[in-house]
Amino acid sequence: MNKSLLVTGGAGFIGANFVHYWLHNHPNDKVVVLDALTYAGNRQNLLGLEDTGRFTFVHGNICDEELVRSLLIEHQINTIVHFAAESHVDRSITGPDAFIETNILGTYSLLKAAKAIWLDEPSSKGLPPLLHRFHHVSTDEVYGTLEPNDPAFTEQTAYAPNSPYAASKAASDHLVRSYHHTYGLQVTTSNCSNNYGPYHFPEKLIPLIITNILLDKPLPVYGDGKQVRDWLYVEDHARGIDLVLAKGKVGESYNIGGHNEWHNIDIVRLVCNLMNEALKYPDVQAKFHLAKHAAKGQAELLITYVEDRLGHDRRYAIDASKTTQELNYRPAESFESGIAKTVDWYLKNDAWWRACLVKAFDEETL
Ligand code: NAD
């Protein structure tokens, strides 16, 4: 069956990568992106996709249930892939309201619209419910934190969210589950580990370190830098969702991860080394003339330890064996190749990240 997808949050980091991936790998499908274009959403991330004739962008909010209903009807949507969210833990600590609004109420509004159009309207006309799928994109952060030797999170791990961000995602996961069990909405959920790759907003760890090195600014590392995260190349997340949509069991959750745990400080050091290497070349030095430390092979000297984040989770690790066994999922990208591609992307796309910094922080040093 050809799919007509509504991708919420498709102008953000993972959503945009997913839309590029989908249109490339599914040449008969259509994609409608619904995105509110918050500070994290960027129309530039989807540039050129209209040329496919299979892509539509709608500037709007997932909390607008009427708008979502009209899109489901107008574009005969049979699949929702729901990425839209407030996604930065630090922002959820200083201002949780937007997280409750978008992540919980926004998901609720989408579920109501999907139920109305896919289940209720056909039934009211004596017809069977429309063939559909609601895929909810969630995070490993809903499971809480791990000690160094604890086994990784499985789909059976009890939810124990620690930040307002994680709590809002956990709440939305529960709502999605309830719409399946109560009303029969055909849902799936994926819980993924930390992503990295192109179009990653430069407030998150890896792009922050890359861009700060290029601007010769301090590289902030929380606490002792020994927090552990499991990193996955963003296109491997898109492939995982593709498999869940194709082969996943309705009503189930699937963990997606990279088997790739790193201490934050080691990631920072690795990126420093890659940037020192890149800045050896005179053309790169000329383009990034502020990057004095990296040009001397000394990016690590920019590392600055800062006070730890409130309630900072120590370790996340994903056990993706269910997804591997049931869906034959394995990440395609090695961490070495993925991180090298990512650094290269930021070197080539400085206009993109400079514009992000201006938009989000009124950055003056550009
Ligand atoms: P992001 O912050 O880069 O993008 C979020 C997008 O949602 C933006 O385009 C923004 O404009 C849009 N948006 C926000 N509020 C909206 C609203 N009310 N209505 C419509 N659009 C709205 O986030 P991301 O890193 O791409 O994450 C996408 C999803 O994946 C989120 O649900 C997040 O919880 C989940 N996730 C992220 C990671 C990660 O490492 N980044 C890991 C696992 C899961």
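Between which two elements does the loop that holds Asp216 lie?

Tutor: Asp216 has its place in the loop between H6 and strand E8 (219-222); helices (H or I, at least four residues) and strands (E, at least two) are DSSP runs, numbered from the N terminus. The model is predicted, so local features need pLDDT of at least 70 and side-chain atom pairs count only at pLDDT 80 or more, while totals for chains, interfaces and linings use all residues. Residues are numbered from 1 along each chain as its sequence is written, and side-chain values use heavy atoms, with hydrogens and water left out.

The backbone of Asp216 has a phi near 55°, a positive value in a residue other than glycine. Asp216 counts as partly exposed because its relative accessible area is 23%; buried means under 20%, exposed over 50%, and partly exposed in between (1.4 Å probe, protein chains only). Tyr199 also has a positive phi, near 65°, and is placed in the loop between E7 and helix H6 (205-214). Tyr199, however, counts as buried because its relative accessibility is 17%.

Of the 28 residues around the ligand, Ile14, Asp35, Ser87, Tyr165 and Lys169 come nearest; a residue is near a molecule if one of its heavy atoms lies within 4 Å of it. The shell divides into 13 nonpolar, 13 polar and 2 charged residues. Here Ala, Val, Leu, Ile, Met, Phe, Trp, Tyr, Cys and Pro count as nonpolar, Asp, Glu, Lys and Arg as charged, and the others, Gly among them, as polar. A nitrogen atom of the ligand lies 2.9 Å from a side-chain N or O atom of Asn61. Oxygen atoms of the ligand are 2.9 Å from a polar backbone atom of Gly12 and 2.9 Å from a polar backbone atom of Phe83. The protein covers 96% of the 830 Å² of accessible area that the ligand has on its own, as computed by the Shrake-Rupley method with a 1.4 Å probe. Two or more residues of the shell come from each of helix H1 (13-25), strand E5 (133-139), helix H5 (164-183) and strand E7 (194-196), and E5 gives the largest share, 3 residues.

Elsewhere, helix H4 (residues 97-124) holds Tyr108, which counts as partly exposed because its relative accessibility is 34%. Leaving aside neighbours within four places in sequence, Tyr108 is in contact with Leu175 and Tyr179, where contact means heavy atoms within 4.5 Å. The C-alpha atoms of Tyr108 and Asp173 are separated by 10 Å, although the two residues are 65 apart along the chain. Thr102 is likewise placed in helix H4, but counts as buried because its relative accessibility is 16%. With the neighbours within four places again left aside, the contacts of Thr102 are Ile62, Ala84, Ala85, Glu86 and Thr107.

Lastly, strand E10 (residues 253-256) contains Asn255, which counts as buried because its relative accessibility is 0%. Residues that Asn255 touches, beyond four places away in sequence, include Tyr143, Phe153, Asn191 and Thr323.

Technical notes
A polar contact is a pair of N or O atoms within 3.5 Å; within protein, one must be able to donate a hydrogen and the other to accept it, and residues adjacent in sequence count only if both atoms are side-chain atoms.
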